[in-house]
Amino acid sequence: EPNVRDDCMLEPVTILGDIPEARWGHTFTPLPSGKDGHLALLIGGRNQETSLSCVYLLSLVEHGSKRCFQWSRLQCPILPQFHHSVVMSPCDDTFVVFGGLSDPNDILES
């Protein structure tokens, strides 16, 4: 039988801000120790029509008496891409985006 905690509850969470569109092939990268309430970066991906070049920040904020998730779109110049990798620097707010595809018809060559 699974180990279930009595004090664990699932409940709906309020989501605020500029909510990203549906996508696939993106990265969702946690930020070091939730600095300033910022939790993760959502970078790139692809929707049904095109590759995406957007970067979003997910934060945990106080909204009245509740804790909520808030999305913010960042102004970061990145190329449209999907199936890439992202690494965060443990020392500062720098992230590195590596690899990926811009077009689903791209061929990976060695």
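**Pocket, strands and a loop**

Modeller: The largest pocket has a volume of about 190 Å³. This is a predicted model.

Colleague: Which residues are closest to the centre of that pocket?

Modeller: Eleven residues line the largest pocket, and Leu31, His38, Leu57, Met88 and Asp93 are the closest to its centre.

Colleague: And how does the lining divide into nonpolar, polar and charged?

Modeller: Seven of the lining residues are nonpolar, three are charged and one is polar.

Colleague: Changing topic. How many helices and strands are there in the protein?

Modeller: Zero helices and seven strands. From the N terminus on, the order is β-β-β-β-β-β-β.

Colleague: What share of the residues counts as buried?

Modeller: Of 110 residues, 29% count as buried. The accessible surface comes to about 8,100 Å², and 55% of that belongs to carbon and sulfur atoms.

Colleague: Let's take strand S2. Which side chains there are buried?

Modeller: Thr27 and Thr29, which point to one face of S2.

Colleague: Why do the side chains alternate?

Modeller: Because in a regular strand the side chains alternate between the two faces of the sheet.

Colleague: How many bridges join S2 to S3?

Modeller: Four, and the two strands run antiparallel. Phe28 has Leu42 in S3 as its bridge partner.

Colleague: On to the loop between S5 and S6. Is Ile78 buried or exposed?

Modeller: Ile78 sits in that loop, and Ile78 counts as buried because its relative accessibility is 18%, with the cut-off for buried at under 20%.

Colleague: What is Ile78 in contact with, leaving aside neighbours within four places in sequence?

Modeller: Ile43, Gly44, Ser53, Cys54 and Val55. Leu52 is 26 residues from Ile78 in sequence, and the C-alpha to C-alpha distance between them is 9.2 Å.

Colleague: And Pro80, where does that lie?

Modeller: Pro80 is also in the loop between S5 and S6. Its relative accessibility is 34%, so Pro80 counts as partly exposed.

Colleague: Which residues does Pro80 contact, with the neighbours within four places left aside?

Modeller: Ser51, Leu52, Ser53, Leu101 and Ser102. Pro80 and Arg46 are 34 residues apart in sequence, with 8.4 Å between their C-alpha atoms.

Colleague: For the whole protein, what share of contacts joins residues at least 24 apart?

Modeller: 42%, counted among contacts between residues at least 6 apart in sequence.

Methods
Residues are numbered from 1 along each chain as its sequence is written. This is a predicted model: local features need pLDDT of at least 70, side-chain atom pairs count only at pLDDT 80 or more; totals for chains, interfaces and linings use all residues. Side-chain values use heavy atoms; hydrogens and water are left out. Buried means under 20% relative accessible area, exposed over 50%, partly exposed in between (1.4 Å probe, protein chains only). Two strands pair if DSSP finds at least two bridges between them. On a 1 Å grid over the protein atoms alone, a cavity is a set of points where a 1.4 Å probe fits but cannot get out, and a pocket is an open set with protein on both sides within 12 Å along at least five of seven lines; lining residues have an atom within 4 Å of a point. Grid points are joined across faces, edges and corners, and a volume is the space filled by probe spheres set on the points. Ala, Val, Leu, Ile, Met, Phe, Trp, Tyr, Cys and Pro count as nonpolar, Asp, Glu, Lys and Arg as charged, and the others, Gly among them, as polar. Contact means heavy atoms within 4.5 Å. Accessible areas come from the Shrake-Rupley method with a 1.4 Å probe; for residues, only the protein chains shown count as cover.
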